[in-house]
Amino acid sequence: MNISRLKKRLSGDHDFKGHTILGSMCTEPHKMAVKTYKRFLSTNVGDPGLFPKLIQLETEYIASLGRLLSNDSAVGSVVSGGSEANILALWSARNRSEKGKREVIISETCHFSFDKAADLLGLQLIKIPVGNDYKIRVDLVEKAITDKSLAIVGIAGTTGLGVCDPIEELSKIAVKNNLYLHVDAAFGGFVFPFIDNSPKFDFSLDGVMSITVDPHKMGRAVIQSGCIIYRNREIAESINIDVTYLSGGRAKNRSVLGTRSGASIAASWMVYNYLGYKGYKKNIDRSMKLTYWFIDEIKKIDGLGVKVQPESNIVGLCASKGLDIKEILFKIRERGWAVSEWPDYIRITFMPHVTKRSLKKFLVDLRSIVQS
Ligand code: 0PR
């Protein structure tokens, strides 16, 4: 067996270099991330005493993200992705709360990782409808609070449409009712801080206790890299487990996983420092330009439109005038495009690997399907 045989066996799968993936939140990692990841592939920070300098790097990286999100005393971990980070956030919220509080108020548009978290942690999600802007209805959040309420979750960059819940208002409600507020910025965490006049969603809001931010989405890092960032150490430590037998010495563990990739930390740190604020801004500016260009092109096609004016680099493509969006989806997939299916729209994500050239080809196919 050799690599070329394996490559041949796997050829035909989509890959980001082929530019056919228009519905994913992942992308081709930055070359510096890949190089760094390879170098530190065998490191396991689940045994932190073996890699004290890597742990220092993680602390530094989390602190940098904390500062980006208006918090000088942020503590957290680089974990496997947004799902793990969301589970950890609700785990901390639950461990710090009084007994009997088990309801989590959250938008109906939340990522399915919260359903997993609730199931695992014995919590109940109280799902709140969204308004015409596809954001959680704040009036209904207030009404949903009971003496069993434990936490509120706001989403900064929803999975379907990339919009930001009104976190500022959620924060006020959380403070007033003494509830834990977690913000799922798995997608938006590497988007909104780099867009001028974007909605407020970070630790500058008093109620926000933790934020999920994924380097393996718009952060240009490698899969698996997610971050859970807590407002302070006390929240982070509420899920600590003491591990006594490690080769590097006794340590506290506070992730879902035991064995944990040090390469993800090193690669995320590297790409963050390599690109810097300017690099990330350039990255998202490019994506937003493509997003708006694409919308202008869509408007020229009779019967197609967008679900909502985007706040990030995600567009919900919808149909009117008797066109059937499911039929369009089926036919566009048949032509080799990988797009994401939602009840009444197709999600297109304008990630760094997406080019104008591939979008032009996609639009040609879309036109021919709609006009046939
Ligand atoms: N929170 C939000 C808002 C998300 O959109 C996602 C995933 C998560 C949490 C969970 O993150 P992990 O998948 O890292 O655990 N959103 C992506 C989505 O559903 C996941 C994804 C990525 C799906 C690439 C497909 C794909 O090709 O779109």
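Domain bounds here come from an automatic or database domain assignment. With that in mind, welcome to this structure, which is a predicted model: local features need pLDDT of at least 70, side-chain atom pairs count only at pLDDT 80 or more, and totals for chains, interfaces and linings use all residues. Residues are numbered from 1 along each chain as its sequence is written.

Let us start with the overall layout. The chain is assigned a domain 1, made of 15-27 + 276-364, and a domain 2, covering 31-273. Their C-alpha centres are 27 Å apart. Where they meet, 18 residues of domain 1 are in contact with 21 residues of domain 2; contact means that the C-beta atoms of two residues, placed from the backbone, lie within 7 Å. On the side of domain 1 that touches domain 2, two elements give two or more residues: helix 9 (262-299) and strand 11 (314-319). Helix 9 gives the most, with five residues. By class, this side of domain 1 has 10 nonpolar, four polar and four charged residues. Ala, Val, Leu, Ile, Met, Phe, Trp, Tyr, Cys and Pro count as nonpolar, Asp, Glu, Lys and Arg as charged, and the others, Gly among them, as polar. The helices (H or I, at least four residues) and strands (E, at least two) are DSSP runs, numbered from the N terminus.

Now turn to the ligand. Both domains take part here, as the shell around the ligand draws at least three residues from each of domain 1 and domain 2. In total, 17 residues surround the ligand, and the closest are S24, G81, G82, S83 and A186; a residue is near a molecule if its C-beta atom, placed from the backbone, lies within 6 Å of it. The classes in this shell are five nonpolar, 10 polar and two charged residues. Helix 4 supplies the largest share, three residues.

Because 12 of its 15 residues are buried, helix 4 is largely enclosed by the rest of the structure. Among the buried ones are G82, S83, E84 and R94. A residue is buried if 20 or more other C-beta atoms, placed from the backbone, lie within 10 Å of its own, exposed if 12 or fewer, and partly exposed in between.

The loop between strand 6 and strand 7 holds K217. An unreviewed UniProt entry places the feature "modified residue: N6-(pyridoxal phosphate)lysine" at K217; such annotations may be inferred rather than shown by experiment. K217 counts as buried because it has 27 C-beta neighbours inside 10 Å. Leaving out residues up to four places away in sequence, K217 touches M25, C26, A186, F187 and F190. Q224 lies in the loop between strand 6 (208-213) and strand 7 (226-230) too, and a cis peptide bond with omega of about 10° joins I223 and Q224.

Finally, some backbone details. Most residues other than glycine have a negative phi, and most peptide bonds are trans. H19, in the loop between helix 1 (3-10) and helix 2 (31-39), has a positive phi near 65°. H19 is partly exposed, with 18 other C-beta atoms within 10 Å. N178 has a positive phi of about 55° and sits in the loop between helix 7 (167-177) and strand 5 (180-185). N178 counts as exposed, with 9 C-beta neighbours inside 10 Å.
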